[in-house]
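Q: I would like to learn how to read a few features of a protein model. Please take them one at a time.

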Amino acid sequence: MMVVLSGLLAASLAIGLPVGSAYADEPTDGTGAGTSATEVLDSLEVKGRAPKTGYKRTQFGKAWADVDHNGCDTRNDILNRDLTGVRHKWRTHNCVVKSGKLHDPYTGKDIKFKKGKKTSTAVQIDHVVALSDAWQKGAQKLSEERRTALANDPYNLLAVQGRANQKKSDGDAATWLPSNKGFRCEYVARQIGVKHKYSLWVTQAEKEAMAKVLSSCPTQTVPDYTGVKDSTAEKTTESEQTEQTQTEQSAEQAQQTQQTTQAPAPEPAPAPAPAPQTAPQQDVYYQNCTAARAAGAAPIYQGQPGYRSQLDRDHDGVACE
């Protein structure tokens, strides 16, 4: 048995897999990590954009699927990775992020994240290579399994400012770049790494835009899985998280006790708030999340066409997650 385990350990180390990891986080994953971004860009096929015909979000599998089977959905995996000072929702096994702070790579701004119906959309998870863009540049030829991997690959995902994510939409480097100019080289290099890994092509205009960005940083390499976050940034440890949770619980219990003993006679319940009026430009209705996913609209952020509170089960401003 020891011989078998030793062989497996040696094999894991030989191919660059950290022991116990579900991801191949080393340059052996096909991104070209560590190689000149310009050289990898030159290796990509240049073709025209294919028709968007047939594109649906469901072509890339279930939104935020738990592909690594760690018990936590991809969206929260990325929030846990990219935010600092993370605090978790109680009894979610340190999965569901309750609050934290993001140093947004797209704008360079610090954003406080708080999970809630009106606050969650301040931080969104962006596909560095948008799925619609990927579909029109080779992904429709990939297997469904491979497309699901692309949609949930941490290498292709970043927590970013919600407004910046909405402005980007499904644009490529020829139509959108981060306003934070100091991040543009790494952003373009990561797009190149994603396209190399999944055998996607670039348009001529896209390649020219990427080359222009890289001309200002000729030593830029394709990044690895270390992401963009400062490695010295402070993270809340598990023991600190437990202490914080216990403190919050004690405070809530004390408050409930005080309210029970000192609360005045209950006032009549207020009249229910009127149903929100749907803006004319948002005249889109999905009967349920299944219908929204079939239309390629999920997840739906509050304010986007088709969003309804009935589809937002945890009332965090993101429906059909």
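Q: How far apart are the sulfur atoms of the disulfide that Cys72 and Cys95 form?

A: A disulfide is a pair of cysteine sulfur atoms within 2.5 Å. In this predicted model, where local features need pLDDT of at least 70, side-chain atom pairs count only at pLDDT 80 or more, and totals for chains, interfaces and linings use all residues, the sulfur atoms of Cys72 and Cys95 are 2.1 Å apart. Residues are numbered from 1 along each chain as its sequence is written, and side-chain values use heavy atoms, with hydrogens and water left out.

Q: What is the handedness of the disulfide of Cys72 and Cys95, and where do the two cysteines lie?

A: The torsion about the S-S bond of Cys72 and Cys95 is about 85 degrees, so this disulfide is right-handed. Helices (H or I, at least four residues) and strands (E, at least two) are DSSP runs, numbered from the N terminus. Cys72 is in the loop between α2 and α3, and Cys95 in the loop between β1 (84-88) and β2 (97-103), so the bond ties together parts that are 23 residues apart in sequence. Both Cys72 and Cys95 are buried, where buried means under 20% relative accessible area, exposed over 50%, and partly exposed in between (1.4 Å probe, protein chains only).

Q: How many disulfides does the structure hold?

A: The structure holds 3 disulfides. Another joins Cys185 to Cys217, with an S to S distance of 2.0 Å. Its torsion of -105 degrees about the S-S bond makes the link of Cys185 and Cys217 left-handed. Cys185 sits in helix α7 and Cys217 in the loop between α8 and α9 (238-262), 32 residues apart. Cys185 and Cys217 are buried.

Q: Where do Cys289 and Cys320 lie?

A: Cys289 and Cys320 are joined by a disulfide, S to S 2.1 Å. Cys289 lies in helix α10 (residues 289-294) and Cys320 in the segment after β7 (318-319), so the pair ties together parts that are 31 residues apart in sequence. With about -85 degrees of torsion about the S-S bond, the disulfide of Cys289 and Cys320 is left-handed. With the bonded cysteines of the chain numbered in sequence order, the pairing reads 1-2, 3-4, 5-6.

Q: How many salt bridges does a search of the whole structure find?

A: A salt bridge is a side-chain nitrogen of Lys or Arg within 4 Å of a carboxyl oxygen of Asp or Glu. The search finds 12 salt bridges. One of them pairs Asp133 with Lys195, with the closest N and O atoms 3.1 Å apart. Asp133 is in helix α4 and Lys195 in helix α7, 62 residues apart. Asp133 counts as buried because its relative accessibility is 2%, and Lys195 counts as buried at 1%.

Q: Which residues are linked with Asp133 and Lys195 in a network of salt bridges?

A: The network links Arg49, Asp133, Lys137, Asp172, Lys195 and Glu206. Within it, Asp172 forms a salt bridge with Arg49, the closest N and O atoms being 3.0 Å apart. Asp172 is buried at 3% relative accessibility, whereas Arg49 is partly exposed at 37%.

Q: Is Arg57 buried or exposed?

A: Charge first: Lys and Arg count as positive and Asp and Glu as negative, while His and the chain ends are not counted. Arg57 is buried yet has no salt bridge, and the nearest side chain of opposite charge, Glu144, is 9.2 Å away. The side chain of Arg57 reaches the backbone oxygen of Gly61 at 3.2 Å; a polar contact is a pair of N or O atoms within 3.5 Å, and within protein one must be able to donate a hydrogen and the other to accept it, with residues adjacent in sequence counting only if both atoms are side-chain atoms.

Q: How many residues has the largest nonpolar core?

A: In soluble globular proteins, nonpolar side chains tend to be buried together. A nonpolar core is a set of buried Ala, Val, Leu, Ile, Met, Phe, Trp, Tyr and Cys residues joined through side-chain atoms within 4.5 Å. The largest here has 38 residues, and those with the most contacts inside it are Tyr106, Leu150, Ile192 and Leu200. Helix α7 gives the largest share of this core, 6 residues. A second, separate core of 14 residues includes Leu83, Ile111, Val123 and Leu157.
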